[in-house]
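Thanks for coming, everyone. Please bring up the sequence and the model, and we'll walk through them together.

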Amino acid sequence: VVLEEKRTTFFHNITHELKTPLTTISGYAQIIGERAFDDIEFLQKASLKIRKESERLNEMVTQLLALSKYQSHVPASIHETVDVYPILQSVCEDLHMMAAPRDMKIHLQGRPYIVECSPNEIQQLFINVIDNAILHGIPGCIIEITVDQEIMVTNPCVPIPPAIADNIFEPFVHSKSEGSSGLGIFICADITARHNGTIQFEEKNGQAEIKIKIPQQKHVGNK
């Protein structure tokens with residue numbers, strides 16, 4: 001019953017979230033499409049709004065497709081024993097380009113972290129977590145990532161309202177003003193659960209912290 005209620009609420013939220021940008025785009029398009037329209041200033045405003053809402057809509061559709069992939073009833077992804085540290089290194093290198101325009105840096109340190117996993121899903125997990133830190137972090141800050149007994153991502157951030165912090169891994173809780181649907185971090189929780197792991201979030205004194213734990217395999221470097 002609880003699962004069905006969550007599913008109903010989830011799809012209700014999806015419907016609402018998709019309709020909002022579509023309504024905005026349609027409204028602006030209708031106004032600027034009128035034959036007598038000649039307001040250049042409004043046209044520029046409408047063009048910017050349509051572009052932003054289109055980007056937000058594209059993000060939601062892309063993430064919904066990814067979510068559908070992870071939660072579909074297809075055979076489970078092939079798992080293999082891998083060190084996820086190099087995967088994380090590669091993701092950090094790729095996302096440096098996204099962090100640079102906000103004058104942010106990504107600092108990674110740690111050791112091998114051997115797990116039984118789907119490398120593609122783990123890569124997506126890291127992409128979403130770090131992308132979220134870039135999007136919601138304070139410009140000019142350093143995103144610190146430490147790999148030891150767990151994978152910890154910390155970064156300075158603006159204070160997060162309790163209503164968001166307490167439900168951070170639920171869909172659609174992020175601020176629309178930041179251009180985020182909140183699906184990315186929701187997918188992180190789904191991927192972590194599929195790997196029998198845990199993911200936790202805490203924001204304290206302007207510092208956001210995400211801890212990820214996935215059962216490690218026995219390895220010479222592990223104690």
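**Aromatic rings, a sheet and a helix**

Let's start with one tyrosine: Tyr28 is buried, at 17% relative accessibility. Keep in mind that this is a predicted model.

Which ring does Tyr28 pair with? Its partner is Phe42. The centres are 5.7 Å apart, the planes make an angle of 35°, and the pair is tilted. Now look at where the two rings sit. Tyr28 belongs to helix H1, residues 2–32. Phe42 belongs to helix H2, residues 40–71. The pair therefore ties together parts that lie 14 residues apart in sequence.

Phe42 has another pairing, with Phe37. That one is edge-to-face, with 5.9 Å from centre to centre and 65° between the planes. Phe37 is partly exposed, at 23% relative accessible area.

Now we go strand by strand. E2 and E4 pair in parallel, over six bridges. In that pairing, Lys105 stands opposite Ile142 of E4. Next, E4 and E5 run antiparallel and are joined by four bridges. One example: Val147 has Ile151 in E5 as its bridge partner. The link from E4 to E5 is a hairpin through three residues. Then E5, residues 151–156, meets E7, residues 207–213. Those two are antiparallel as well, with six bridges. There, Met152 stands opposite Lys211 in E7.

What lies across this sheet?

Which residues of E4 are on the covered face, and which on the uncovered one? Ile143, Ile145 and Val147 are on the covered face. Ile142, Glu144 and Thr146 are on the uncovered face.

Last stop: helix H6, residues 183–194. How far apart are its end C-alpha atoms? They are 16 Å apart. At 1.5 Å a residue, 12 residues should span 16 Å, so the two agree.

Is H6 enclosed or open to the outside? Nine of its 12 residues are buried, so H6 is largely enclosed by the rest of the structure. Among the buried ones are Leu183, Ile185, Phe186 and Ile187. Gly184, Cys188, Asp190, Ile191 and Thr192 are buried too. Finally, look just after H6: Asn196 has a positive phi of about 60°.

That's the tour. Over to you for questions.

Terms used. Residues are numbered from 1 along each chain as its sequence is written. This is a predicted model: local features need pLDDT of at least 70, side-chain atom pairs count only at pLDDT 80 or more; totals for chains, interfaces and linings use all residues. Side-chain values use heavy atoms; hydrogens and water are left out. Rings of Phe, Tyr and Trp (its six-membered ring) pair if their centres lie within 6.5 Å; planes under 30 degrees apart count as stacked, over 60 as edge-to-face and the rest as tilted. Buried means under 20% relative accessible area, exposed over 50%, partly exposed in between (1.4 Å probe, protein chains only). Two strands pair if DSSP finds at least two bridges between them. The expected span of a helix is 1.5 Å times one less than its number of residues.
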